[in-house]
Amino acid sequence: MLSEDELEVWCLQHARSEQAKAVIHQICSAPPSRLVQGRAGNVSGRYPSQKMGCTIQFESHRGELAAIYQFEHDPAILAFYDQPGAVKLVYPSKKGRQVGVLHTPDFFVIREDDCGWIECKMEDHLVQLAEQMPHRYSRNVDGTWSCPPGEEYAKGLGFFYRVQSSAQIDWVYQRNLRFLEDYLRVSCPPMAAEVREAIRLLV
């Protein structure tokens, strides 16, 4: 977790506007804006994050929890916050009528070089949503997904807005992270160089 001073230095290094700084500080200093709930087909829970020094909520093992494992073990990600508060998305409905909705992304992430919101969705659900709300969710030519109104909202602050589909998750990497998690934690006692080398040669 970033301290107030570290957060201020990060904002200065990346020349964030006063409005952007206010949004970042508000997200980082506030508790999650809502409690997650389990639904049919999903199992909600909490992950004890050493990086953040607190528990992080998730609504799906195959969506949000997989993202949390990535955030926790990616050294380029300095901090991540669940349920960071609502943003307003404005876009045309399927019938062409302009609509505005308040939407709470799953995470707000601060990386070494940028920051923004990440929304996690199952691939089959995204296909359904794109049919129902074609101006809110769209598939890119490379198979990834976008949320144009989310990107437009974030752009005004100099942030990113990304949709992470379950189809983008490397499940082999996820299994490796879970298997090695106890060894990856900073509290794991140091291992002698000769022991590391012996294990490496065996593997």
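Leaving aside neighbours within four places in sequence, Arg 178 is in contact with His 61, Leu 65, Ala 66 and Tyr 69, where contact means heavy atoms within 4.5 Å. Arg 178 belongs to helix α6; helices are DSSP runs of H or I with at least four residues, strands are runs of E with at least two, and both are numbered from the N terminus. The C-alpha atoms of Arg 178 and Tyr 69 lie 8.0 Å apart, although 109 residues separate the two in sequence. With a relative accessible area of 34%, Arg 178 is partly exposed; buried denotes under 20% relative accessible area, exposed over 50%, and partly exposed the range in between, for a 1.4 Å probe and protein chains only.

The model is predicted, so that local features need pLDDT of at least 70 and side-chain atom pairs count only at pLDDT 80 or more, while totals for chains, interfaces and linings use all residues. Residues are numbered from 1 along each chain as its sequence is written, and side-chain values use heavy atoms, with hydrogens and water left out. The predictor's confidence in each residue is given by pLDDT, on a scale from 0 to 100. The chain has an average pLDDT of 90, and 96% of the residues score at least 70. Among the elements of the chain, the lowest mean pLDDT is that of α6, at 85, and the highest is that of strand β6 (residues 107-111), at 97.

The chain contains 7 helices and 10 strands. Of its 203 residues, 42% count as buried. Taken along the principal axes, the box filled by the C-alpha atoms is roughly 65 × 40 × 30 Å. Of the contacts with a separation of 6 or more, 56% are between residues 24 or more positions apart.

Two packed helices are described by the angle between their axes and the distance between the axes. Axes are lines fitted to C-alpha atoms, for helices over the stretch in contact, and angles run from 0 to 180 degrees between N-to-C directions. Helix α3 (residues 64-73) packs with helix α6 (residues 171-184) at an angle of about 55°, the axes being 10 Å apart. This angle makes α3 oblique to α6; angles under 35 degrees count as roughly parallel, over 145 as roughly antiparallel, 65 to 115 as roughly perpendicular and the rest as oblique. The crossing of α3 and α6 is left-handed, a term used if the near helix is turned anticlockwise from the far one by less than a right angle, with right-handed used if clockwise. On the α3 side the contact is made by Leu 65, Ala 66, Tyr 69, Gln 70 and His 73, and on the α6 side by Trp 171, Tyr 173, Gln 174, Leu 177, Arg 178, Glu 181 and Leu 184. By class, 7 nonpolar, 3 polar and 2 charged residues form the contact of α3 with α6. Here Ala, Val, Leu, Ile, Met, Phe, Trp, Tyr, Cys and Pro count as nonpolar, Asp, Glu, Lys and Arg as charged, and the others, Gly among them, as polar.

Helices α1 and α2 pack at an angle of about 155°, with 11 Å between their axes. That angle makes α1 roughly antiparallel to α2. The crossing of α1 with α2 is right-handed. Contributing residues are Glu 4, Leu 7, Glu 8, Trp 10 and Cys 11 of α1, together with Lys 21, Ile 24, His 25 and Cys 28 of α2. This contact of α1 with α2 has 5 nonpolar, 1 polar and 3 charged residues. Lys 21, in helix α2, counts as buried at 12% relative accessibility.

Most residues other than glycine have a negative phi. Ala 15, not a glycine, has a positive phi of about 50°. Ala 15 is placed in the loop between α1 (4-13) and α2 (18-29) and counts as exposed, at 68% relative accessibility. Gln 83 also has a positive phi of about 50° without being a glycine. Gln 83 is found in the loop between β3 (77-82) and β4 (87-92) and counts as buried, at 2% relative accessibility.

Leu 126, in helix α4 (residues 123-132), is buried, with a relative accessible area of 0%. Apart from neighbours within four places in sequence, Leu 126 is in contact with Lys 121, Tyr 137, Trp 145, Val 163 and Ser 165. Leu 126 and Ser 165 are 39 residues apart in sequence, with a C-alpha to C-alpha distance of 7.7 Å.
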